[in-house]
2 protein chains.
Amino acid sequence: MADGTTAHRVVIIGGGFGGLLTAQSLHKTPTHVTMIDRRNFHLFQPLLYQVATGALSPANIAAPLRSILKKQKNTHVMMGDVTGFDMAAKEVLLRDGTRVPFDSLVVATGATHHYFGHDEWADRAPGLKTVEDATEIRRRVLLAFERAERETDPKIKDRLLTFVVVGGGPTGVEMAGAISELARHTMRADFRTFNPATARVILVEGQTRVLAAFHEKLSAKAKTALEDMGVEIRLDCHVTAIEADHVLVKPDGGKAEPERISTETVVWAAGVKASPLGKILADAVGVQVGRGGHVPVNPDLTVGTRADVFVIGDMASCPDAAGKPLPGLAPVAMQQGQYVAAAIVRRIKGETPKGPFRYLDKGNMATIGRAKAVGESFGIRFSGHLAWFAWLFIHILYVARFENRVLVLFQWFWNYLTRNRTARLITHERPRDAK
Amino acid sequence: MADGTTAHRVVIIGGGFGGLLTAQSLHKTPTHVTMIDRRNFHLFQPLLYQVATGALSPANIAAPLRSILKKQKNTHVMMGDVTGFDMAAKEVLLRDGTRVPFDSLVVATGATHHYFGHDEWADRAPGLKTVEDATEIRRRVLLAFERAERETDPKIKDRLLTFVVVGGGPTGVEMAGAISELARHTMRADFRTFNPATARVILVEGQTRVLAAFHEKLSAKAKTALEDMGVEIRLDCHVTAIEADHVLVKPDGGKAEPERISTETVVWAAGVKASPLGKILADAVGVQVGRGGHVPVNPDLTVGTRADVFVIGDMASCPDAAGKPLPGLAPVAMQQGQYVAAAIVRRIKGETPKGPFRYLDKGNMATIGRAKAVGESFGIRFSGHLAWFAWLFIHILYVARFENRVLVLFQWFWNYLTRNRTARLITHERPRDAK
């Protein structure tokens with residue numbers, strides 16, 4: 001049964017948290033698994049901000065999918081670009097014309113940045129979803145300091161030393177905190193014509209508090225911690241323009257004039273939408289995507305009337321028991337992957353799923369800076385050093401599932417001791433653009 | 001005297017081995033040093049092949065110049081692109097119009113690939129000088145394996161699994177050995193449609209032996225070690241064509257037909273020429289560049305009639321005591337940097353240089369693979385494990401001068417234990433190009 005020609009063929013698209021957990025949960029089951037991804041590696045996205053601020057290298061938070069799955073003899077990793085589906089023939093279509101047949105299909109290609117109708121902002125305010133996003137943000141942040149060192153006009157110098165992060169969720173909070181640490185600690189002695197501690201980091205959030213998904217008390221703690229680190233916070237404000245040399249930030253509600261912030265470096269952490277493959281899949285199956293392009297799923301994570309097609313992770317719009325959509329978090333995707341793998345195995349055996357997917361919320365965490373974090377788990381809230389160590393522990397537990405666990409642990413520990421960010425390389429752009 | 005406005009102004013162009021050692025040797029001297037580089041980091045080029053084959057990340061072998069020099073208060077790091085010189089006004093010209101005045105000038109921008117009149121080969125056979133070169137070669141090598149996994153035509157599959165390295169010097173030998181290890185060990189269990197150990201690695205060298213700068217016995221040892229690792233060696237052969245799907249390799253001398261090797265992945269390690277700034281400088285000073293664009297220097301490393309202009313490192317053509325040009329090696333550049341710094345300090349004091357520059361050859365080493373190397377020092381030749389540990393020790397001694405020493409040491413040790421190459425990421429190209 002487990003041989004490639006006769007076993008139940010499971011095709012998984014996307015090697016993120018959801019897809020990878022599906023594949024791993026199908027180890028030693030009577031299935032033949034094909035994992036298709038455009039990239040050759042699994043990426044630990046929650047730590048991308050550490051790459052964007054020079055603390056870790058891309059390879060510290062990524063592992064080749066082949067490496068992770070090499071001992072799973074029923075699993076075949078395929079690097080390829082899915083462009084469509086032939087649902088009648090039960091085949092996935094790749095850009096080069098290859099057709100990959102499936103008995104069960106799991107689509108988990110995640111989410112991308114959402115500029116809410118302002119796609120022209122994408123170039124000026126990159127988001128943080130890929131390795132290239134992270135090295136590009138790193139390049140921009142470091143280049144702004146380099147240019148400031150050479151700038152003689154004080155107005156332009158101030159503009160170069162102002163960084164705006166749009167969005168006060170975990171990614172935005174982490175980015176703002178990390179840029180502030182980079183300037184105030186790591187690069188403290190690096191410049192001769194200005195004091196890096198004078199750099200401004202401004203965090204803009206549309207809601208009335210940062211980390212709105214957390215308890216109010218944790219939002220307040222995070223705000224205080226950020227402000228202690230020198231981050232300026234604009235709550236209840238929306239960005240209305242992002243230009244080459246400034247952004248406009250408008251307070252909500254009132255008739256106040258928008259604030260004009262001179263800056264050349266903007267990071268987007270405000271919104272995500274489902275990857276475009278979601279719409280292609282929805283059309284093929286005959287369902288409508290929701291706001292943000294998310295694919296609505298049935299309680300068992302199947303789509304429309306297809307018992308053999310599953311959507312999981314950030315791409316899915318999946319209600320919780322109360323009918324509220326589940327958040328786009330790694331643990332949701334991972335639990336969905338495990339659920340789907342079990343459902344497929346039950347189906348092979350002729351059994352029905354055990355019941356609807358239920359997300360077990362083990363808690364939620366966000367780091368703010370060195371040894372500072374907030375978290376909540378089963379009604380218990382924690383912050384400060386304790387929360388940071390918990391965050392570290394949980395992340396190491398996850399990364400420990402891959403081969404470079406010792407290295408990452410060691411690098412973190414080293415960075416923590418030394419406040420170091422040795423991966424401060426400006427790469428992959430014509431160097432002559434430096435000023 | 002040591003204050004920036006009245007101190008003797010030394011401008012160093014290039015933060016490689018030569019430039020960096022010049023700057024560091026001017027620490028606590030009555031000089032004001034400006035280090036100009038197009039990049040924001042010093043790169044340990046001898047280990048680039050480890051990045052190109054996924055063993056190390058770029059940040060493991062690079063350190064921000066600002067970091068390295070931050071405690072040197074007389075030193076100012078400037079990221080910028082030098083386009084010319086005004087020798088009458090004693091100024092360096094940057095692309096953006098900035099003019100940087102100097103009392104002493106040190107030019108050390110190194111070398112780039114030399115395709116001997118075949119510049120059209122540059123795209124098809126990238127060399128290994130920059131971080132981007134290394135990640136591009138890594139991308140090509142890994143992508144060839146990815147495409148082979150999906151290829152059904154056995155001829156194309158074989159072509160994808162054939163790698164040609166042009167040039168049998170240390171870089172070529174290291175690359176050939178590392179690609180072979182990647183295929184035979186690291187990725188041994190990664191693929192389902194072929195055995196990676198069947199991949200061919202072919203090393204083409206124009207001379208009659210590899211590592212021609214070493215003693216014949218070491219060349220023979222290196223050749224045997226490479227062949228044991230499965231590398232095919234073509235000696236006394238020149239590449240006469242590099243096309244998208246093959247290279248032609250012609251044996252020298254005889255009338256033999258060129259061998260046609262089907263391959264899509266070629267690495268160039270055959271020749272270097274001085275960076276283009278050498279010619280610009282030579283023209284400004286009124287000397288002629290030599291073959292390969294190298295700038296001829298006086299015995300005290302000055303250029304032409306200028307007592308205030310020095311050229312060092314791979315850019316210089318500097319004869320040894322016997323009149324033979326010194327090789328383009330890091331130790332040569334480093335000793336030249338120390339010599340020039342001392343000469344500048346003597347000149348400030350009104351003293352003349354101590355005598356001509358003399359290179360103290362402490363030895364030469366090349367690695368072939370895991371725990372395999374050859375070396376010679378003061379007439380003693382060594383190979384095998386001992387040589388490899390010596391190589392490791394010397395490299396760690398050097399890297400230990402930067403802040404990330406512990407990390408690199410740890411990563412090397414880890415890679416050695418596990419034969420691991422965790423930095424196997426295909427990045428910075430549109431992923432849809434994957435086949």
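In strand E21 of chain A, Val311(A) is the bridge partner of Val107(A). The model is predicted. The two strands concerned, E9 (residues 104-107) and E21 (residues 306-311) of chain A, run parallel and are joined by three bridges. Both belong to an open sheet of six strands in chain A, ordered E5-E2-E1-E9-E21-E20. Pairing in this sheet is mixed. Its edges are strand E5 (75-79) and strand E20 (302-303) of chain A, each of which pairs on one side only. Strands of a sheet pair through backbone hydrogen bonds, either parallel or antiparallel.

Helix H8 (residues 277-285) of chain A lies across E9, E20 and E21 of chain A. The helix runs at about 170 degrees to E21(A). Contacts of Val311(A) beyond four places in sequence include Leu281(A).

In soluble globular proteins, nonpolar side chains tend to be buried together.

In chain B, helix H8 (residues 277-285) has four buried residues: Leu277(B), Gly278(B), Leu281(B) and Ala282(B). These residues lie on the same side of H8(B), because they cover an arc of only 135 degrees around the axis. Just after H8(B) comes Gly286(B), with a positive phi of about 90 degrees.

E7 (residues 91-94) of chain B is joined to E8(B) by three bridges. Within this antiparallel pair, Arg99(B) in E8(B) stands opposite Leu93(B).

In chain A, strands E6 (residues 82-86) and E7 (residues 91-94) are antiparallel and share four bridges. Val82(A) has Leu94(A) in E7(A) as its bridge partner. E6(A) and E7(A) form a hairpin, with four residues between them. In the turn, Lys90(A) has a positive phi of about 55 degrees.

Helix packing was examined in both chains. Two packed helices are described by the angle between their axes and the distance between the axes. In chain A, the axes of helix H1 (residues 17-25) and helix H9 (residues 330-348) come within 7 Å. They cross at roughly 35 degrees, and the crossing is right-handed. On the H1(A) side, the residues that meet H9(A) are Phe17(A), Gly18(A), Gly19(A), Leu21(A), Thr22(A) and Ser25(A). Among their counterparts in H9(A) are Ala330(A), Ala333(A), Met334(A) and Gly337(A).

In chain B, the axes of H1 (residues 17-25) and H9 (residues 330-348) come within 7 Å and cross at roughly 35 degrees. H1(B) passes H9(B) in a right-handed crossing. Phe17(B), Gly18(B), Gly19(B), Leu21(B), Thr22(B) and Ser25(B) supply the H1(B) side. The residues they meet in H9(B) include Gln336(B), Gln338(B), Val340(B), Ala341(B) and Ala342(B).

Terms used. Residues numbered from 1 in each chain as written. Chains lettered and ligands numbered in written order. Predicted model: local features only at pLDDT ≥ 70, side-chain atom pairs only at ≥ 80, totals over all residues. Buried ≥ 20, exposed ≤ 12 C-beta atoms within 10 Å, placed from the backbone. Arc of directions from axis to C-beta. Contact = placed C-beta atoms within 7 Å. Pairing = 2+ DSSP bridges. Axes fitted to C-alpha atoms, helices over the stretch in contact; angles between N-to-C directions. Left-handed = near helix turned anticlockwise from the far one by under 90°.
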